[in-house]
Amino acid sequence: MAIRVLIVDDSGFFRRRLNEMLNSDPMIEVVDMAVDGKDAIAKVKQCKPDVVTMDIEMPVMNGIDATREIMKVCPTPVLIFSSLSYEGAQATLEALEAGATDFLPKRFDDISNNREEAQQILCNRVKTLGRRRSIQSRPLLSPTSPATSRPTTSRTEPARPLSTATRHEAPPLARKAKRFNAADFEMVAIGTSTGGPVALQEVLTQLPQDFPLPMVLVQHMPATFTEAFAARLNQLCKISVREAKDGDLLEPGLALLAPGGKQMLVEKRGGRYQIKVREETDPMQNYKPCVDVTFESLAMACGKGVLGIIMTGMGQDGFEGCKKLLARQSTIWAQDEATSTIYGMPAAVANIAEQILPLQEIGKKLALNS
């Protein structure tokens with residue numbers, strides 16, 4: 001059965017182009033198109049699509065407010081199209097807070113220089129989101145998020161929390177739960193992708209200011225997004241969060257986010273753990289940053305002192321890195337399927353994970369004995 005898509009954009013040219021690209025896939029059917037956010041809400045109610053593609057800047061009602069309203073009246077996976085700028089990052093994070101599932105650059109050349117490849121990436125993303133809808137509902141706004149609409153967050157505004165995932169009651173754990181003891185570890189490393197901004201916030205905001213371990217975070221994001229995302233997390237969390245820079249030292253209570261478009265490694269020098277940021281030179285490497293690259297460096301530098309956590313995301317990035325960590329006697333946790341936006345990355349490591357946990361429990365366990 002084809003994935004039914006509603007296209008929302010005020011540009012007739014972009015609507016036509018997107019319609020052509022999506023309809024090229026026999027597993028996708030564009031059922032309608034909307035010209036603004038208000039039109040989108042009406043057509044979601046009428047068509048009940050499997051996926052909505054949403055522009056952000058539109059007249060009458062913008063994509064952020066429209067997404068928030070869609071999540072109230074007819075929860076549907078929303079794929080946001082965003083510009084790759086600092087302001088675009090802020091707007092995208094606002095859209096994720098409103099309930100959007102994922103995002104892509106609006107300039108298809110930013111997805112891939114090859115038109116056919118960009119089209120394939122777009123279609124695959126839409127199909128994945130559409131299939132996932134059948135086994136989960138969308139997140140609600142967190143209690144700390146205002147219910148009223150507001151403009152896109154500016155550089156000087158305090159960040160608002162992204163909506164927390166409350167899709168399902170916590171299922172029985174697939175592994176026997178073990179008590180977390182921070183004294184058994186030297187650091188925590190988290191890898192995630194689709195749904196990751198919401199998931200990372202859910203985990204990190206539960207940690208106390210005196211959390212005794214350093215953290216490294218790898219979230220699949222464009223280069224212009226990670227600085228804004230780290231700044232938002234830093235405002236919301238008790239621990240410190242910032243985008244990693246080459247030469248940064250890992251410190252207790254500090255979470256370093258891998259910069260978009262580059263690779264982040266961890267090395268041990270003079271008894272201290274230090275960040276090495278490098279340009280990606282492998283043309284076959286799809287992920288920049290890549291969870292495997294960071295986790296493999298941790299296996300070499302730290303050995304058994306790592307708690308590696310794989311959370312929501314498409315694909316299998318992190319699997320090879322987790323295997324190397326496990327070979328050095330490190331510990332792996334995975335997010336469960338029910339609370340994952342996309343159960344790809346966690347599923348890949350489920351068989352080697354010591355614990356499989358609902359999203360809401362990961363931060364709680366880390367904070368409990370820290």
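Predicted model: local features only at pLDDT ≥ 70, side-chain atom pairs only at ≥ 80, totals over all residues.

User: How should I read the packing of two helices, and at what angle do H4 and H8 cross?

Analyst: Two packed helices are described by the angle between their axes and by the distance between those axes. In this model, helix H4, residues 86-98, and helix H8, residues 226-236, have axes that come within 8 Å and cross at roughly 50°, and H4 and H8 are therefore oblique to each other. The crossing in which H4 passes H8 is right-handed. On the H4 side the contact is made by Tyr-86, Ala-89, Gln-90, Leu-93, Glu-94 and Glu-97, and on the H8 side by Glu-227, Ala-228, Phe-229 and Arg-232. Sorted by class, the contact of H4 with H8 holds five nonpolar, one polar and four charged residues.

User: H4 also packs with H3; are H3 and H4 roughly parallel or oblique to each other?

Analyst: Helix H3, residues 63-73, packs with H4 at an angle of about 15°, with their axes 8 Å apart; angles under 35 degrees count as roughly parallel, and H3 and H4 are therefore roughly parallel to each other. H3 passes H4 in a right-handed crossing. Ile-64, Thr-67, Arg-68 and Met-71 of H3 make this contact with Ala-91, Glu-94, Ala-95 and Ala-98 of H4, and by class it has five nonpolar, one polar and two charged residues.

User: Which residues of H7 and H12 meet?

Analyst: Ala-199, Glu-202 and Val-203 in H7 meet Leu-359, Gln-360, Ile-362, Gly-363 and Leu-366 in H12, and these residues divide into five nonpolar, two polar and one charged. The packing angle of helix H7, residues 196-204, with helix H12, residues 359-368, is about 35°, and their axes are 7 Å apart; here too the crossing is right-handed.

User: How do I read a nonpolar core, and which residues have the most contacts inside the largest one?

Analyst: In soluble globular proteins, nonpolar side chains tend to be buried together. The largest nonpolar core in this model has 59 residues, and those with the most contacts inside it are Met-54, Leu-204 and Leu-366. H4 gives the most to this core, with seven residues. Apart from it lies another core, of 31 residues, among them Ala-258, Tyr-273, Ile-275 and Ile-356.

User: With which residues is Met-54 in contact, leaving aside its neighbours within four places in sequence?

Analyst: With those neighbours set aside, Met-54 is in contact with Val-8, Ala-40, Gly-63, Ala-66, Thr-67, Ile-70, Val-78, Leu-79, Ile-80 and Phe-81.

User: Finally, how many residues of H9 are buried, and what follows that helix?

Analyst: Helix H9, residues 291-301, is mostly covered, with nine of its 11 residues buried. The buried residues of H9 are Val-291, Asp-292, Val-293, Thr-294, Phe-295, Ser-297, Leu-298, Ala-299 and Ala-301. H9 is followed by Gly-303, whose phi is positive, near 65°.

Technical notes. Residues numbered from 1 in each chain as written. Heavy atoms only, no water. Axes fitted to C-alpha atoms, helices over the stretch in contact; angles between N-to-C directions. Helix = DSSP H or I, 4+ residues; strand = E, 2+ residues; numbered from the N terminus. Parallel < 35°, antiparallel > 145°, perpendicular 65-115°, else oblique. Left-handed = near helix turned anticlockwise from the far one by under 90°. Contact = heavy atoms within 4.5 Å. Nonpolar A, V, L, I, M, F, W, Y, C, P; charged D, E, K, R; others polar. Core = buried A, V, L, I, M, F, W, Y, C linked by side-chain atoms within 4.5 Å. Buried < 20%, exposed > 50% of the residue type's maximum accessible area, 1.4 Å probe, protein only.
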